[in-house]
Amino acid sequence: QLHSDQDKGDGSLKYILSGDGAGTLFIIDEKTGDIHATRRIDREEKAFYTLRAQAINRRTLRPVEPESEFVIKIHDINDNEPTFPEEIYTASVPEMSVVGTSVVQVTATDADDPSYGNSARIIYSILQGQPYFSVEPETGIIRTALPNMNRENREQYQVVIQAKDMGGQMGGLSGTTTVNITLTDVNDNPPRFPQNTIHLRIPESSPVGTAIGSVKATDADTGKNAEVEYRIIDGDGTDMFDIMTQKDTQEGIITVRKPLDYETRRLYTLKVEAENTHVDPRFYYLGPFKDTTIVKISVEDVDEPPVFSRSSYLFEVHEDIELGTIIGTVMARDPDSASSPIRFSLDRHTDLDRIFNIHSGNGSIYTSKPLDREISQWHNLSVIAAEINNPKDTTRVPVYVRILDVNDNAPQFAVFYDTFVCENARAGQLIQTISAVDKDDPLGGQKFFFSLAAVNPNFTVQDNEDNTARILTRRNGFSRHEISTYLLPVVISDNDYPIQSSTGTLTIRVCACDSRGNMQSCSAEALLLPAGLSTGALIAILLCILILLVIVVLFAALKRQRKKEPLILSKEDIRDNIVSYNDEGGGEEDTQAFDIGTLRNPAAIEDKKLRRDIIPETLFVPRRTPPAPDNTDVRDFINQRLKEHDTDPSAPPYDSLATYAYEGNDSIAESLSSLESGTTEGDQNYDYLREWGPRFNKLAEMYGGGESDKDAS
């Protein structure tokens, strides 16, 4: 209860409360100042509360005294039982442990105030698990209570522990928990064979390594404490048999160590021992931790297959031997007393290519195909030996054939080299490092020599003497516009006997590079052609242009040849002159050499025009001739034109007959040719032909010779 000295009991004062739980857990009577709790208070939730109270005037609401602070402390009572963090605990302890061995500690907690009375004082006790285990009352440590507890007798135990407050006195609250305790194994039991003598049987044909049977010693322990190692410690077959321990089953497997022979020995006796591998020194007094048994092995008689003289054969042969060469011989015999003859054969599954063959009678293996070490260095064959009298009884033996190397392969470039040289390269600059490989494998290792097939003015090769070589430039500067690619033949030789060599060609592209030697462009056509025009298109265009040029040149040459043909090919045969001119005209339809209308209409004669069918080499100004009279017939017109051509040095001596293609009727002159005009109209002087040059010398001689003959007659 709160009370103010200013309170006269007339109800003029009002009490107010603030702080922890004010208005919810704690309320105050405004008139009397009594403080009440609204519900049950739990100390375990909060042990104390801080509150502030003040008395104020009910009318003015002004405080009549300063605010006062007080603390409400909750006194504890024993209302919480001890609790364990786990409902069930799991623990283990080795078997055969001494009394008092600690197993596990359990701890309970109590929410009551440990500083107030005995409400939180806990005492532990065991409700279940005696007389095997005990618990310390103050600490809760569980310990063994009996000596030599044996796991093989009982392995699991369940212990119930009680924790009680109030110091374990009457009226205290309690809680319990369960502890499951397992006894772990220790090696306290030796192995034991269930039988003193074990009998086994095996055929004499069993190969080495064959399992005859097994023996097993039992051990009551588990895990590594039950692991056993078996060994043969005595007997007359210690050198004929082996025993090995199989870990997963803990059995001893007896196997054949050497080939058996019924005719030599039929019974063997072995003494086998089984011993624990992990022995605990604390339990030596329970030992010894081993046991023995007798194993008797009987050998059974069988018809034995042939026996080879060796378990395997190894033959070495050079790869260049001739076909039919014997590489080795295998031998086998029949171990039985009958000693049947043996027939040998090759298992073709081990020689699918049929490279080898074997003589069926003596076991000689020879080659039937050429050998190549580079294809296969080893051949693993299987030879079968069978008795002739019993072919089903066979024996196999592995034959390993090693092919020895012969230097029969030339070295080659190790990889394909994409080599380039910069246009601004200097003499002696490294452009490529090359190496080689060889399929052969000489005893002294690979050794290669590099050289050029011929002296090259642009590049050279420098052997590094470590099976590599450097390609160096020999001059300054390269131009991809002149030569864009160089081919450099390099000769690679080995040092084995006989020496093998090959020539590899390096393709070296000329490229544009920056100042650091980094390649920028290697395409010469990129600087000459627009984008998108390939090398093939460029070549096609150039070929077309070249073909057109050749056609034009040939046409011009033929035309010039036709203009400069000699008029007379042979001075003996003048009759061929017209044919040799190769200009006959086209008759009346030929309007290129003359105007047929002029012949039919003499009145239409115009001034002399240049000929349209030829182009004279030297162009003279034509002379004007007076027009023929209107009543001149065709004969007079032709004679007039003939005279003009005879006296005109600029007109070539073409046959007028072929040009005009008109002879007239019963010509007295018998020919319109200008070659005969001199005989009908008087002598003609042809000395001026010599002044025309060497091409007219032949014509001048013909006309000059004609006058001499006429004078002589």
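Predicted model: local features only at pLDDT ≥ 70, side-chain atom pairs only at ≥ 80, totals over all residues.
Trainee: How many bridges join β7 to strand β10?

Mentor: Three bridges link β7 with β10, which covers residues 141-144, and the two strands run antiparallel.

Trainee: What is the order of the strands in the open sheet of three?

Mentor: Read across the sheet, the order is β7-β10-β9, and the pairing is antiparallel. The edge strands are β7 (102-105) and β9 (133-135), each of which pairs on one side only. From one strand to the next, the twist averages 25 degrees.

Trainee: Turning to a loop, where is glycine 444 found?

Mentor: Glycine 444 sits in the loop that runs between β31 (430-437) and β32 (448-452).

Trainee: Does glycine 444 count as buried or exposed, and why?

Mentor: A residue is called exposed when its relative accessible area is over 50%. Glycine 444 has 77% relative accessibility, so this residue counts as exposed.

Trainee: How far apart are glycine 444 and aspartate 496, in sequence and in space?

Mentor: Separation along the chain and separation in space are read as two values. For glycine 444 and aspartate 496 they are 52 residues in sequence and 8.8 Å in space, taken from C-alpha to C-alpha.

Trainee: Which residues make the nonpolar surface patch of about 460 Å²?

Mentor: That patch is made by Ile539, Leu543, Leu546, Val550 and Leu554. Leucine 554, one of these residues, belongs to helix α1, which spans residues 535-563.

Terms used:
Residues numbered from 1 in each chain as written. Heavy atoms only, no water. Patch = residues over 30% accessible without salt bridge, like charges linked within 9 Å, V, L, I, M, F, W, Y side chains within 5 Å. Areas by Shrake-Rupley, 256 points an atom, 1.4 Å probe, with all protein chains shown as cover. Salt bridge = Lys/Arg side-chain N within 4 Å of Asp/Glu carboxyl O. Helix = DSSP H or I, 4+ residues; strand = E, 2+ residues; numbered from the N terminus. Pairing = 2+ DSSP bridges. Axes fitted to C-alpha atoms, helices over the stretch in contact; angles between N-to-C directions. Buried < 20%, exposed > 50% of the residue type's maximum accessible area, 1.4 Å probe, protein only.
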